[in-house]
Amino acid sequence: MAEKREDASNVMAFDALYTTNQIQKLKVLLPYIEPSMQKHLAVYIKYMELQYTMNLTKRHTSALSGCGLSQPTKPDLKKLCRELCLYSTPEEIRQLEQIQNMLQTLETVQEMTQTMNAMQEIFPDMNMDSLFENPLSGSGQTGDDGERPEKAASPGSPMMDMLMHMLTPEQREMYELFQQQMPDDSSEP
């Protein structure tokens, strides 16, 4: 519950910035007004907020400091997705969760790439492709059927095993689906 309140703080800050105490008092009084007049008062409140907002933005042309857009740091997109979920439909929440999962996968890929680059710098003479080959399959040799053995990321290679253990089960499943969709090099002429 505290997390939801924290995520909604930007909305509350925005509402507090673009309103006045007089407008807030009218909002408090709204439920006590005769029902037939409530809709008229609601429209009047929104009109007053719009008018106040327009006057405020004319006087102060600078950007909101809490938005993060004017700041040099990169925005936290996963946090943004969580905040948007508070005001979204179940379908939109599902889509935002998919975006969060995709962002997490991209972070994992970036970390793996950085690790591989660091290993390449530490061991410049090492052939990185050999780390992903199955040591039992041989390199560039043909098997009994005349076909070349699988070359990329064999399940038995030590580096691939290590990298696969770094992935979550969902990420592993996505990787395996991706591998199944890739064309096989041995089918080419």
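Tutor: pLDDT is the predictor's confidence in each residue, from 0 to 100. This is a predicted model, and the mean pLDDT of its chain is 75.

Student: What share of the residues reach 70 or more?

Tutor: The share is 68%. Over residues 136-153, however, the pLDDT is below 50. Beyond near neighbours in sequence, that stretch has 20 contacts in the model.

Student: Why is α3 called roughly antiparallel to α4?

Tutor: Helix α3, residues 21-29, and helix α4, residues 35-59, pack at an angle of about 165 degrees. Angles over 145 count as roughly antiparallel, so α3 is roughly antiparallel to α4. Their axes are 10 Å apart, and the crossing of α3 past α4 is left-handed.

Student: Which residues of α3 meet α4?

Tutor: Gln22, Ile23, Leu26 and Lys27 do. On the α4 side they meet Leu41, Tyr44, Ile45, Met48, Glu49 and Tyr52. By class, the residues of this contact are seven nonpolar, one polar and two charged.

Student: What makes the pair Lys46 and Glu49 a salt bridge?

Tutor: The rule asks for a side-chain nitrogen of Lys or Arg within 4 Å of a carboxyl oxygen of Asp or Glu. For Lys46 and Glu49 the N to O distance is 3.3 Å, so the pair meets the rule. The two residues are three apart in helix α4, which means about one helical turn separates them. By this rule the count comes to five salt bridges.

Student: How do you know that α5 and α6 are roughly antiparallel or roughly parallel?

Tutor: The axes of helix α5 (residues 77-85) and helix α6 (residues 90-122) cross at roughly 170 degrees and come within 10 Å. The cut-off for roughly antiparallel is over 145, and therefore α5 and α6 are roughly antiparallel to each other.

Student: What classes do the residues of the contact of α5 with α6 divide into?

Tutor: They divide into eight nonpolar, two polar and three charged. Among them are Leu77 and Arg82 in α5, and Ile93 and Glu107 in α6.

How values were computed: Residues are numbered from 1 along each chain as its sequence is written. This is a predicted model: local features need pLDDT of at least 70, side-chain atom pairs count only at pLDDT 80 or more; totals for chains, interfaces and linings use all residues. Side-chain values use heavy atoms; hydrogens and water are left out. Contact means heavy atoms within 4.5 Å. Axes are lines fitted to C-alpha atoms, for helices over the stretch in contact, and angles run from 0 to 180 degrees between N-to-C directions. Helices (H or I, at least four residues) and strands (E, at least two) are DSSP runs, numbered from the N terminus. Angles under 35 degrees count as roughly parallel, over 145 as roughly antiparallel, 65 to 115 as roughly perpendicular and the rest as oblique. A crossing is left-handed if the near helix is turned anticlockwise from the far one by less than a right angle, and right-handed if clockwise. Ala, Val, Leu, Ile, Met, Phe, Trp, Tyr, Cys and Pro count as nonpolar, Asp, Glu, Lys and Arg as charged, and the others, Gly among them, as polar.
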